[in-house]
Amino acid sequence: MTLAVSLDTTTPLDDARLQLRDAVESLGLGESVYEQLAHARREMSVGVPLRRDDGSIELLLGYRVQHNSSRGPTKGGLRYSEHVDLDEVRALAMWMTWKCALLDLPYGGAKGGVTLDPTRYSVAELERVTRRYTSEILPILGPERDIPAPDIGTDEQTMAWMMDTYSVASGYTVRGSVTGKPVSLGGSLGRATATSRGVVHVALAALASRGIDATRATAVVQGFGKVGRHAALFLHQAGTRVLGVSDRYGAIHSATGLDIDAVGRWVDLHGSIVGYPGADAIDPATLLELEADLLVPAAVEGVITADNAPRIRARVIVEGANGPTTGAADEILEAADVLVVPDILANAGGVVVSYFEWVQSNQSYRWNLDLVESRLEERMRDAWDTVSAFAAVHHTTLRRAATRLAVQRVTEAHQSRGLYP
Ligand code: NAD
């Protein structure tokens, strides 16, 4: 127990590097491959001065990390959160490299962040932050260089401001400079719900692999934002009873299952699930430990730890969030035979449809929703089949299987290109 607790003090970057270490060693790739992949190719830290609405000036800190570009331009979200720091962005950028390689997208991984709590700023202030941050990192952005997308605390409006700032600096409109933008600006149909769709495709496959019928299953979803809300809704539509959901303000539970459409309407009116009348309020800390077949953490990283992992009763965990399970928790869940579908597979639907959006933007041609969703499903199911087959053959977890497959693909591209000069 002492060992587990001390291991749990690892940061997301420690966990990401431990996963890489395991993959490099099991693939027999050698220390220089580890060293090159453990560190980002390019990192930019910027000061972002913001004029507040009251006229005062505040300096915010921003980052953009481009982890690896062996397979193509880099791609990854932009996060606005008071918890953002450079190491968190480094870990998230590395996971993006593996995610893109695993889904066979022609990208490397990147991530960006600004350390701010977006709920404390007006819309006008957020626009000024976004435009100044974008102009600070402009030299390393571009549709052939690095393409941002939304993440925690950012949305399609943020992407519209980024695209406009990039386009004004370029002197013409560059639709391929961001993804996750509004449909009116060339955003893809189906992008807003793509991550959640992908989570549910994979969740249904994972439940089936454990002999669990989705229409008889129960689920719990942590986080009710861009990913969690629609993951809960699509599970509900698939016939799965969603017993509990949470957001940063609280958690609710219903033993008979929540009406997710009704919870969504409540959130639209009140800004939070708290106070929803058709359910009981519960302690958010206990939400993850509810009795259910499926648990979907879709909020932030590091929520399943060595402390609570022994109390988790779900048989399948599908990581909607990036990095929700610490390395120490992973070991406990593996020993308890809980099937953990890792983030780099489970939540890849967002970057898959971001890729479709980038293709459409670069070609100035729109695909219809059916085409987007059928191609997304095909990619997610193929990735699930590949990872689960690899895990079965090598008697290992889905996380190790997914990371090894991804590291192998990135290393192959890297070695084929050779070292310049
Ligand atoms: P979001 O900001 O839209 O939503 C986050 C949700 O989590 C909100 O409901 C918030 O209230 C809740 N939350 C925050 N802290 C919480 C806590 N401690 N306990 C419970 N709930 C909490 O963000 P999002 O885009 O939905 O991202 C969620 C996760 O999914 C992140 O890890 C993100 O990196 C990952 N992800 C997002 C996308 C995407 O397309 N948006 C794609 C892949 C992965």
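## The ligand and its surroundings in a predicted model

An oxygen atom of the ligand lies 3.4 Å from a polar backbone atom of G320. This distance, like every other value in this report, was computed from a predicted model.

### The nonpolar core

The largest nonpolar core has 87 residues, and within this core W98, V245 and V318 touch the most other members. Helix α4, which runs over residues 86-102, gives the most to the core, with nine residues. Both domain 1 (40-185) and domain 2 (188-421) give residues to this core, so the core, too, lies between them.

### Individual residues

The table lists the relative accessible area of several residues, together with the class that each one falls into.

| Residue | Relative accessible area | Class |
|---|---|---|
| N68 | 4% | buried |
| T325 | 4% | buried |
| E301 | 14% | buried |
| R381 | 33% | partly exposed |
| D104 | 47% | partly exposed |
| D337 | 52% | exposed |

T325 is found in the loop that joins β11 (316-318) to α11 (327-335), and the side chain of T325 makes a polar contact of 2.5 Å with the side chain of E319. N68 belongs to the loop between β2 (57-66) and β3 (74-81), where the side chain of N68 reaches the backbone nitrogen of S70 at 2.9 Å. E301 sits in the loop between β10 (294-297) and β11.

How far apart are the C-alpha atoms of R381 and A205, which are 176 residues apart along the chain? Their separation is 7.9 Å, and R381 itself is part of helix α14, residues 369-393. For E301 and A206, which are 95 residues apart along the chain, the C-alpha atoms are separated by 21 Å.

### Backbone details

Most residues other than glycine have a negative phi, and most peptide bonds are trans. Against that background, a few places in the backbone deserve a look. D104, in the loop between α4 and β4 (108-115), has a positive phi near 55° although it is a residue other than glycine. D337, in the loop between α11 and β12 (339-341), likewise has a positive phi, near 60°. D337 counts as exposed, because its relative accessible area of 52% is over the 50% limit.

Which kind of peptide bond leads from Y420 to P421? This bond is cis, with omega near 5°, and P421 is located in the segment after α15 (398-417).

How values were computed. Residues numbered from 1 in each chain as written. Predicted model: local features only at pLDDT ≥ 70, side-chain atom pairs only at ≥ 80, totals over all residues. Heavy atoms only, no water. Polar contact = N/O pair within 3.5 Å; in protein donor to acceptor, adjacent residues only side chain to side chain. Core = buried A, V, L, I, M, F, W, Y, C linked by side-chain atoms within 4.5 Å. Buried < 20%, exposed > 50% of the residue type's maximum accessible area, 1.4 Å probe, protein only. Helix = DSSP H or I, 4+ residues; strand = E, 2+ residues; numbered from the N terminus. Domains from an automatic or database assignment.
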